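Hi,

Here is the structure I promised to pass on. Have a look at it first, and my notes come after.

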Amino acid sequence: MGIQNFPTSLQPIIQQGFLEREFQQALRSKLGYRACADRVSVAVGIGETLTKTRAGLKPTVTIPLVPSTNTNFDNGLTPTTWGVEQYTISINLYAATTDLNVVTERVGIASQFLQNAYVNGEQAARTLDELGRNVLFAAYLGGNTRVRVTLSSAAATISVDDVRGFQNVFVNGVQQAVSSTNTMSVTVGSNVYTLVGVAIDSTNVSTAPNGISGTLTFSGNVAVADGTAANTVTASTGSSIVRPSQRGNTSQILASDTLAMSCLLDAVAKLRLNAVPEINGAYNCYLDPVSARQLFADPDFKQLFQGATSANQVFKNGMTNDFLGLRFIPTTEAFVQSHPSLSGLMVRRPVICGQGALIEGDFAGIASSDVAPADSIVSMVDGIAMVTREAIDRLQQIIAQSWYWIGGFCAPSDTTTNSTTVPTATNAAYKRAVIVEHIG
């Protein structure tokens with residue numbers, strides 16, 4: 001049988017000469033973001049979205065009851081209640097498939113069936129990890145941007161690099177679109193303005209990871225000094241972002257602003273200020289190899305381990321666990337982008353996460369008996385359905401190997417945690433993760 005009679009995609013794996021009879025595995029991405037997600041089940045028959053309500057706390061009572069008011073049926077007390085906030089998980093179907101001709105597979109140098117299963121499984125795992133990563137960064141980059149175009153004169157509308165985090169405001173725990181009724185306080189440059197409207201550009205020119213460029217409209221004019229390109233724009237409820245030397249936004253980071261231990265300690269401090277619970281005793285720090293290399297070159301880091309009995313182990317492995325409240329998790333899925341204005345430099349973004357930074361919703365109906373009958377070949381692996389369909393073509397030669405997942409991710413807010421219930425709490429709407437930006 002001539003090799004030219006086989007499909008082009010199969011020709012390279014048909015034995016010609018002396019080939020090793022197994023596939024060499026390709027390089028694969030290092031995952032981990034899904035590990036910081038709390039998993040919930042989305043029940044059957046409730047639609048495509050799940051809205052959960054998180055109850056807040058009541059402030060402490062530090063003033064004693066005045067005896068003279070302790071009368072009547074209310075004893076001088078005024079009823080108070082606790083606040084609530086809601087977050088919504090939308091579920092969608094994600095799937096992929098591979099066909100395999102069981103006849104032509106027999107002349108291959110190795111089992112394509114097993115290799116297809118391996119590749120499908122890796123693809124599914126990487127897909128879910130990136131879905132979780134995208135939701136995490138969308139929330140924790142939100143409310144932090146910069147002016148994109150300098151105002152020619154004082155005006156109410158400015159162009160910004162990313163409008164995420166400015167589009168909605170929490171009203172009684174529910175997100176509402178920013179408007180003249182539901183306003184937001186925003187710092188532009190050196191002054192605070194009242195945001196009343198947000199518009200998305202018809203052509204997206206944002207430089208932020210998955211960013212959305214647009215315009216912000218305020219109740220009054222923004223001064224030219226504040227509306228100058230590269231000036232920082234921060235929402236009053238914007239997420240915490242740590243940068244070396246206290247840089248205000250991504251474009252202000254300089255070539256010398258590499259990752260230092262002090263940045264990570266600042267991030268841990270912000271999480272602890274908000275009483276964010278740890279994940280099995282430490283916060284997860286997701287960082288790429290360049291960020292890790294810079295950390296090991298930091299003088300404070302080296303000084304900490306100088307003469308310590310654990311130093312050899314730390315530097316031998318190139319990574320350390322449960323260090324200063326952090327569990328370092330190397331990943332190749334971290335967002336890396338070119339610096340907005342400095343040619344040849346990259347901006348890297350380690351992220352430190354506490355428990356509940358993400359919520360993963362898995363649809364309970366995956367592989368249920370009416371969807372996957374008893375005689376079907378469906379295996380559930382970590383919430384993902386791996387499906388093998390028998391040959392149903394005329395020659396009964398082509399089987400399909402597929403996977404699918406029905407679910408979604410969301411980053412829950414913590415607006416009910418404020419200074420009245422946790423005195424050290426920040427005003428950020430999203431408190432359970434902190435992003436660190438640096439040059440690398």
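Below is what turned up in the pockets, the cavities, the surface and the backbone.

Some housekeeping first. This is a predicted model, so to speak of local features we need pLDDT of at least 70, and side-chain atom pairs count only at pLDDT 80 or more, while totals for chains, interfaces and linings use all residues. Residues are numbered from 1 along each chain as its sequence is written, and side-chain values use heavy atoms, with hydrogens and water left out.

On a 1 Å grid over the protein atoms alone, a cavity is a set of points where a 1.4 Å probe fits but cannot get out; a pocket is an open set with protein on both sides within 12 Å along at least five of seven lines, and lining residues have an atom within 4 Å of a point. Points are joined across faces, edges and corners, and the volume is the space filled by probe spheres set on them.

The second largest pocket has a volume of about 290 Å³. It is lined by 18 residues, and Ser 240, Ile 241, Val 242, Gln 246 and Lys 270 are the closest to its centre. Strands and helices here are DSSP runs numbered from the N terminus (helices: H or I, at least four residues; strands: E, at least two). β12 (232–235), β13 (241–242) and α2 each supply at least two lining residues, with β12 giving the most, three. By class, this lining has four nonpolar, 10 polar and four charged residues (nonpolar: Ala, Val, Leu, Ile, Met, Phe, Trp, Tyr, Cys and Pro; charged: Asp, Glu, Lys and Arg; polar: the others, Gly among them).

As for cavities, the whole structure holds two of 30 Å³ or more. The largest cavity comes out at about 140 Å³. Its lining has 15 residues, and Asn 144, Thr 145, Arg 146, Ala 208 and Thr 250 lie nearest the centre. Strand β5 (residues 144–146) provides the largest share of that lining, three residues. The lining of the largest cavity splits into three nonpolar, six polar and six charged residues.

The second largest cavity has a volume of about 40 Å³. Among the residues lining it are Ser 240, Lys 270, Leu 271 and Tyr 430. Two or more residues of this lining come from each of α2 and β23 (433–436). Five of the residues are nonpolar, three polar and two charged.

On to single residues, where buried means under 20% relative accessible area, exposed over 50%, and partly exposed in between (1.4 Å probe, protein chains only). Ile 89 sits in strand β3 (residues 84–90) and is buried, at 1% relative accessibility. Its C-alpha atom is 5.5 Å from that of Thr 49, 40 residues away along the chain. Val 171, in strand β7 (residues 168–171), is partly exposed at 29%. The C-alpha atoms of Val 171 and Asn 182 are 7.8 Å apart, with the two residues 11 apart along the chain.

Two backbone angles are worth a look. Ser 245 has a positive phi, near 60°, and is not a glycine; it lies in the loop between β13 and α2 and is exposed at 52%. Gln 396 is another non-glycine residue with a positive phi, near 50°. Gln 396 is in the loop between β21 (384–389) and β22 (398–410) and is exposed, at 59%.

Cheers
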